[in-house]
Amino acid sequence: MINKASNWVKYCMSQIPCKKEALALDLACGRGRNSILLAKYNCKVISIDIDILSLKSFNRKNIIKVQTDIENFLNWPLNKDIFDLVIVTNFLNRKIFNNIKSSIKNNGYLIYETFGEGQQFLGKPKNRKFLLKKNELLSLTKNLKLIFYEEVKVISGETKFIKNRILCQNAR
Ligand SMILES: C[S@@+](CC[C@H](N)C(=O)[O-])C[C@H]1O[C@@H](n2cnc3c(N)ncnc32)[C@H](O)[C@@H]1O
């Protein structure tokens, strides 16, 4: 797992207003690389993952860690309209997309980045169930206000990936 914060999350954070003590969610946070970035922006962060070892690997003031299986609806830990910001990187489960969106406050933001179709020929994940189709992230977020979207293919030395990335806002 990578330890540096996602460049996409960094870029989006440089573009949106982030009030002090904004409540942020890092869903499927892994070892917390992006949670730590959000905490540096003075967000209060809820970092959720199923893997206890990943959660134990980081600690910061302003980060609350929660171990749960977010794919089990009975465990769904999030109330509606509570987060100023939700970020998801390198994780995809289409079935919980509506739950994710409904947890964002009015005028709150969603930053999402994960692998796209074609990635199976460059590296992991190979299973197409975990790969976004062309423009799929746009349709999954169609009731949100689009700010930035890109589909990128990077091949540079050992680095090879296809990613789809979005920043959008729950502006009703
Ligand atoms: C590829 S890692 C990405 C981690 C982090 N978002 C990042 O970009 O560094 C995927 C993460 O999803 C977590 N995960 C997978 N299934 C999950 C589930 N059902 N509930 C919660 N977390 C899950 C894994 O434990 C892992 O930490």
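Colleague: Let's start with Cys168: buried or exposed?
Modeller: Cys168 counts as buried, because it has 24 C-beta neighbours inside 10 Å. The cut-offs are these: a residue is buried if 20 or more other C-beta atoms lie within 10 Å of its own, exposed if 12 or fewer, and partly exposed in between, with C-beta atoms placed from the backbone.

Colleague: Before we go on, what kind of model is this?
Modeller: The model is predicted, so local features need pLDDT of at least 70 and side-chain atom pairs count only at pLDDT 80 or more, while totals for chains, interfaces and linings use all residues. Residues are numbered from 1 along each chain as its sequence is written.

Colleague: Thanks. Where is Cys168 found?
Modeller: Cys168 is found in strand S7, which covers residues 159-169. Helices (H or I, at least four residues) and strands (E, at least two) are DSSP runs, numbered from the N terminus.

Colleague: And which residues does Cys168 touch?
Modeller: Leaving out residues up to four places away in sequence, Cys168 touches Leu110, Thr141, Leu144, Lys145, Leu146 and Ile147. Two residues are in contact if their C-beta atoms, placed from the backbone, lie within 7 Å.

Colleague: How far apart are Cys168 and Gly157?
Modeller: In sequence they are 11 residues apart, and in space 31 Å, C-alpha to C-alpha.

Colleague: Where does Gly157 sit?
Modeller: Gly157 is in the turn of a hairpin that S6 and S7 form, with two residues between the strands, and Gly157 has a positive phi of about 60°.

Colleague: How do S6 and S7 pair?
Modeller: S6 and S7 pair in the antiparallel sense over 11 bridges. Two strands pair if DSSP finds at least two bridges between them. One example is Val154, which stands opposite Phe161 in S7.

Colleague: How many residues of S6 are buried?
Modeller: Zero, out of the 12 residues in S6 (residues 145-156), so to speak hardly covered.

Colleague: Let's zoom out. How many helices and strands does the protein have?
Modeller: There are five helices and seven strands. From the N terminus on, the order is α-β-α-β-α-β-β-α-β-α-β-β. The radius of gyration is 15 Å, close to the 16 Å that the globule rule gives for 172 residues, so the protein is as compact as a globular protein of that length. That radius is taken over C-alpha atoms, and the globule rule is 2.2 Å times the number of residues to the power 0.38.

Colleague: What about burial and contacts overall?
Modeller: Of the 172 residues, 38% count as buried. Among contacts between residues at least 6 apart in sequence, 53% join residues at least 24 apart.

Colleague: Now H1: which of its residues are buried?
Modeller: In H1 (residues 7-15), the buried ones are Trp8, Val9, Cys12 and Met13. Seen down the axis of H1, they fall within an arc of 130°, so they line one face of the helix. That arc is the one made by the directions from the helix axis to the C-beta atoms. On the other side of H1, Asn7 and Ser14 are exposed.

Colleague: What covers the buried residues of H1?
Modeller: The cover includes helix H2 (33-40), strand S4 (83-89), strand S5 (104-115) and S7.

Colleague: And H2, is it enclosed or open?
Modeller: H2 is largely enclosed by the rest of the structure, because six of its eight residues are buried. They are Asn34, Ser35, Ile36, Leu37, Leu38 and Ala39. These residues pack against H1, strand S1 (23-27), strand S2 (44-49), strand S3 (63-67) and S4.

Colleague: New topic: how many residues surround the ligand?
Modeller: The ligand is surrounded by 16 residues, and the closest are Ala28, Gly30, Ile50, Asp51 and Thr89. A residue counts as near if its C-beta atom, placed from the backbone, lies within 6 Å of the molecule. By class, the shell has seven nonpolar, four polar and five charged residues. Ala, Val, Leu, Ile, Met, Phe, Trp, Tyr, Cys and Pro count as nonpolar, Asp, Glu, Lys and Arg as charged, and the others, Gly among them, as polar.

Colleague: What is the phi of Ala28?
Modeller: The phi of Ala28 is near 55°, a positive value in a residue other than glycine. Ala28 lies in the loop between S1 and H2 and counts as buried, because it has 21 C-beta neighbours inside 10 Å.
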